[in-house]
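Subject: Structure handover

Hello,

Here is the structure for your work. Please load it first, then read the notes below.

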Amino acid sequence: MIGRLRLRPAIWAPALALGLVVAATLSLGVGAVWLAPDQVARALLTPHSPDATATVVTIVWDLRLARVLLAALVGAGLASAGAAFQGMFRTPLADPFMIGASGGAALGATLAILGKVNLGSATVPAAAFMGAMLAVMTVYGITLASGANSATALLLAGAALSTILSAVVSLLMLMNDRAIQEIFAWLLGGFSGRSWPQLAMSGPPILVGLGMLWLLARPLDALTSGEETARSLGLPLNVARGAIVAAASLVTAAAVAASGLIGFIGLAAPHIARLFCGSSHARLIPASALVGALLLLIADSVARTAIAPTELPVGVLTALLGGPFFLWMLGWGGSR
Amino acid sequence: MSAALAAEGLRYELGGRAILDQVQLQVRPGEVLALIGPNGAGKTTLLRALARLLRPLGGTVSLDGRDVWRMRPRPVARQLALAPQGAELWPLSVEQFVGLGRAPHRGWLLPLGPDDRAAVQAALERTGMAPLRERPVTELSGGEQRRAILARALAQVPQVLLLDEPTAALDLKYQVAILGLARQLAHADDLSVVITLHDLNQAAGVADRLALLSNGRVLAIGTPDEVLTAELIGATYGVPVSVCRHPLDGTPLITPIREMR
């Protein structure tokens, strides 16, 4: 088992918030033009004062701020959705894509890239969002209709549908080899070229879903004690599970629409958060959100700079850097 | 006075086999009723049906005269608490875990208030778990986990308390403590306590009345003296037994008859 360092919320909450501000400031400074933290701070806080150079203000406000905010929100959303699913399914292996969201989003985005669906100006993100929501609703509907209404049935139906959807995506890629590059880049996930429009589209649903998940903290706690115990405490199981799935999937679909499939944050951030805040969801949901935001901000900064001027896909980076770190954290790499 | 909890003609089947068959029983406030019977007799199934976790195929369970299946789950959980035998655990602290017992009163979305914290504190103290309040329940010993589960049920401040094998995995000291607490909750706090036990002598010591189950039927219900007879127990369990008296309180004491060593 992982060593434990329990801290009070009065310590970890401000510490993480401060870390987030520092990481965001540094992240606003890196890229094709490097800016010192004090330049960034001046451009952010007093953009109209004579000390702030116009170029710096433009770089910070028009080119980088929306992307940084979006990375933080996507990280927070994926992490809190992962925390909720780990609690609801009672498995440390759960991530936000567990019940079909990734497969649905991938199919939606692929169809949009191939021009098979057209949903207006932001057709790829909109199609990814719809695909994710439709897939999760299908999985949930199948489980409800089958009568075998348990978390396990939900997981199995999710696994089955994900397999089917990714097979369809593979088939579409094979049959449309000219679009493979574009589809593949989307599947890998990243924030390249994302700005205010994407933030305006995905930010509100992520924040709403996050708030809902935090509100559902006690039902989540009850579900971790098993479905029968939760029922004996008077929890309306279907309502609670439906609300958790809806909130987590709203967050996940909005995140995926903004940035493609970014793995690992949703799995790892809740585990990191549990190390210092424990497993009660009233603390775990916000702590996971802060950790996820911090991790994805750092990952995106590295993705932008590691092999500049080319950008790495963030999804690849989170897996490459996060995987070994996670293994080490589980105790296989260091002393126990 | 009406019965606090009553089962009327309960029937349940699994794979064509009757698990509960015309089960009839009442539990009054202020009494401990023990459910006894051989393995597979239907004790735990009956307890789950009484707890509104298992919907019977026929018959009713009523709480203060109201059919529990015509009530919402939360009002039931305000009056009736179950301490299950096996529990799936997640590393909540003991205090957070016991605090879940307040959800039926507080609702699922609001944070716990001062009266909730007082009820949690009282439940922790009654079960001797107050010193362990910060510990994750997953790191407790088996006996401590049983007491944490009982504390969660007590935090519901129920009128009816259902205990499924509460002494399993407990050492002698805590067996005595838990059974003593069950009696105190019934006799001093006027709760209706239903308790499944496979140890007949524990049942004789704790219960005001016993219900003997076999193949889903209630074979006998009554005081320990009425139910714990050599004939009835010998026939139900298929083992010859001798019944003598507890040296201190005179309750029946069951001893299987075996060949002399």
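In chain B, strand E4 (residues 58-63) and E5(B) run antiparallel and are joined by two bridges. Please keep in mind that this is a predicted model.

**The E4-E5 hairpin and its sheet**

Both bridges can be named. B:Leu63 has B:Arg66 of E5(B) as its bridge partner. B:Ser62 is bridged to B:Asp67, also in E5(B). Two residues lie between the strands of this hairpin, and B:Asp64 takes a positive phi near 50° there. B:Asp64 sits in the loop between E4 and E5 of chain B. It has that positive phi although it is not a glycine. Most residues other than glycine have a negative phi.

Four strands of chain B form an open sheet in the order E2-E1-E4-E5, with antiparallel pairing. Its edge strands are E2 (17-27) and E5 (66-67) of chain B, each pairing on one side only. Strand E1 (residues 5-14) of chain B pairs with E4(B) in the antiparallel sense over five bridges. One residue pair here is B:Glu8 with its bridge partner B:Thr60 in E4(B).

B:Arg28 is in the loop between E2 and strand E3 (32-36) of chain B. It counts as partly exposed, because it has 17 C-beta neighbours inside 10 Å. B:Arg28 and B:Ala211 are 183 residues apart in sequence, and their C-alpha atoms are 14 Å apart in space.

**A second hairpin in chain B**

E11(B) and strand E12 (residues 252-256) of chain B pair in the antiparallel sense over five bridges. B:Cys244 has B:Leu253 of E12(B) as its bridge partner. The two strands form a hairpin with six residues between them. In the turn, B:Gly250 has a positive phi of about 75°. How many of the five residues of strand E11 (residues 241-245) of chain B are buried? The number is zero, so E11(B) lies largely in the open.

B:Ala77 is found in helix H2 (residues 73-79) of chain B. It is buried, because 24 other C-beta atoms lie within 10 Å and the cut-off is 20 or more. What does B:Ala77 contact, leaving aside its neighbours within four places in sequence? Its contacts are A:Ser232, A:Leu233, A:Gly234, B:Pro104 and B:Gln156.

B:Val157 is 80 residues from B:Ala77 along the chain, and their C-alpha atoms are separated by 9.5 Å. B:Val157 is in the loop between helix H6 (142-155) and strand E7 (160-164) of chain B. It has a positive phi of about 45° although it is not a glycine. With 19 other C-beta atoms within 10 Å, B:Val157 is partly exposed.

**Where the chains meet**

In total, 20 residues of chain A are in contact with 22 residues of chain B. On the chain A side, helix H9 (217-224) and helix H10 (227-232) each supply at least two residues. H9(A) gives the largest share, five residues. The chain A side divides into six nonpolar, nine polar and five charged residues.

**Helices of chain A**

Helix H4 (residues 101-113) and helix H11 (residues 237-259) of chain A pack at an angle of about 35°, with their axes 10 Å apart. H4(A) passes H11(A) in a right-handed crossing. H4(A) makes this contact through A:Ala101, A:Ser102 and A:Ala105. H11(A) contributes A:Ser249, A:Thr252, A:Ala253 and A:Val256. The residues of the contact divide into four nonpolar, three polar and no charged.

Helix H6 (residues 151-175) of chain A has 25 residues. It reaches 36 Å from its first C-alpha to its last, close to the 36 Å expected at 1.5 Å a residue. Its buried residues are A:Ala151, A:Leu154, A:Leu155, A:Ala157, A:Gly158, A:Ser162, A:Leu165 and A:Val169. An α-helix has 3.6 residues a turn, so residues three or four places apart point the same way. The cover over the buried residues of H6(A) includes H3 (54-88), H4, H5 (123-146) and H10 of chain A.

Best regards

Conventions: Residues numbered from 1 in each chain as written. Chains lettered and ligands numbered in written order. Predicted model: local features only at pLDDT ≥ 70, side-chain atom pairs only at ≥ 80, totals over all residues. Contact = placed C-beta atoms within 7 Å. Nonpolar A, V, L, I, M, F, W, Y, C, P; charged D, E, K, R; others polar. Axes fitted to C-alpha atoms, helices over the stretch in contact; angles between N-to-C directions. Left-handed = near helix turned anticlockwise from the far one by under 90°. Pairing = 2+ DSSP bridges. Buried ≥ 20, exposed ≤ 12 C-beta atoms within 10 Å, placed from the backbone. Expected span 1.5 Å × (residues − 1).
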